[in-house]
Amino acid sequence: MRLFIGILFVVVAIVIGVSFIPPFWANYQFEDAIKTEALMATNSTKSEDAIRDSVFKRAQDFGVPLDKEKIKVQHIGQNGTGSVTIEAPYTVTVNIPGYPVVLNFDAMTTNKGVF
């Protein structure tokens, strides 16, 4: 009986891991990408719309289900003298057999210029 419970526990752990790891890994990669985007945009003359387009493309690259309209970009100043804030909230539904789980992610970053 203990062997059966042990095997069942391992199977459940594997199913949960396989279900939850991909959305969290995609979020980690996406947050890293928007941090890089904010850093680059702070030191450039990119418009807010161009930054939003770039963030949306990165979301698609990582399979993040993000609506372009929900991406908020605030670019103050230019060429290293201001700041860039990017907010990109989204949700992912993970379907564990018999129990769907909604994960809310709030990818956000702010980068301030040198001056």
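I call a residue buried under 20% relative accessible area, exposed over 50%, and partly exposed in between, with a 1.4 Å probe and protein chains only. I am working from a predicted model, in which local features need pLDDT of at least 70, side-chain atom pairs count only at pLDDT 80 or more, and totals for chains, interfaces and linings use all residues. Residues are numbered from 1 along each chain as its sequence is written, and side-chain values use heavy atoms, with hydrogens and water left out.

**Entry 1: overall form.** I looked up the secondary structure and found two helices and three strands. Helices (H or I, at least four residues) and strands (E, at least two) are DSSP runs numbered from the N terminus. The order from the N terminus is α-α-β-β-β. The C-alpha atoms fill a box of roughly 65 × 25 × 20 Å along the principal axes. The radius of gyration is 19 Å, whereas a compact globule of 115 residues would have one near 13 Å. That radius is taken over C-alpha atoms, and the globule rule is 2.2 Å times the number of residues to the power 0.38. Buried residues account for 37% of the 115.

**Entry 2: F4.** Is F4 buried or exposed? F4 counts as exposed because its relative accessible area is 53%. F4 sits in helix α1, which covers residues 2–42.

**Entry 3: helix α2.** I checked the span of α2 (residues 48–61): its 14 residues reach 20 Å from first C-alpha to last, close to the 20 Å expected at 1.5 Å a residue. The expected span is 1.5 Å times one less than the number of residues. Which residues of α2 are buried? I noted I51, R52, S54, V55, F56 and A59. Their cover includes α1, β1 (72–76) and β2 (83–96). Contact here means heavy atoms within 4.5 Å. Just after α2, G63 has a positive phi of about 75°.

**Entry 4: S83.** S83 lies in strand β2. S83 counts as buried because its relative accessibility is 16%. Which residues does S83 touch, leaving out those up to four places away in sequence? They are Q74, H75, I76, N111, K112 and G113. I also looked up the distance to P100: S83 and P100 are 17 residues apart in sequence and 39 Å apart in space, C-alpha to C-alpha.

**Entry 5: contacts by sequence distance.** Among contacts between residues at least 6 apart in sequence, 59% join residues at least 24 apart.
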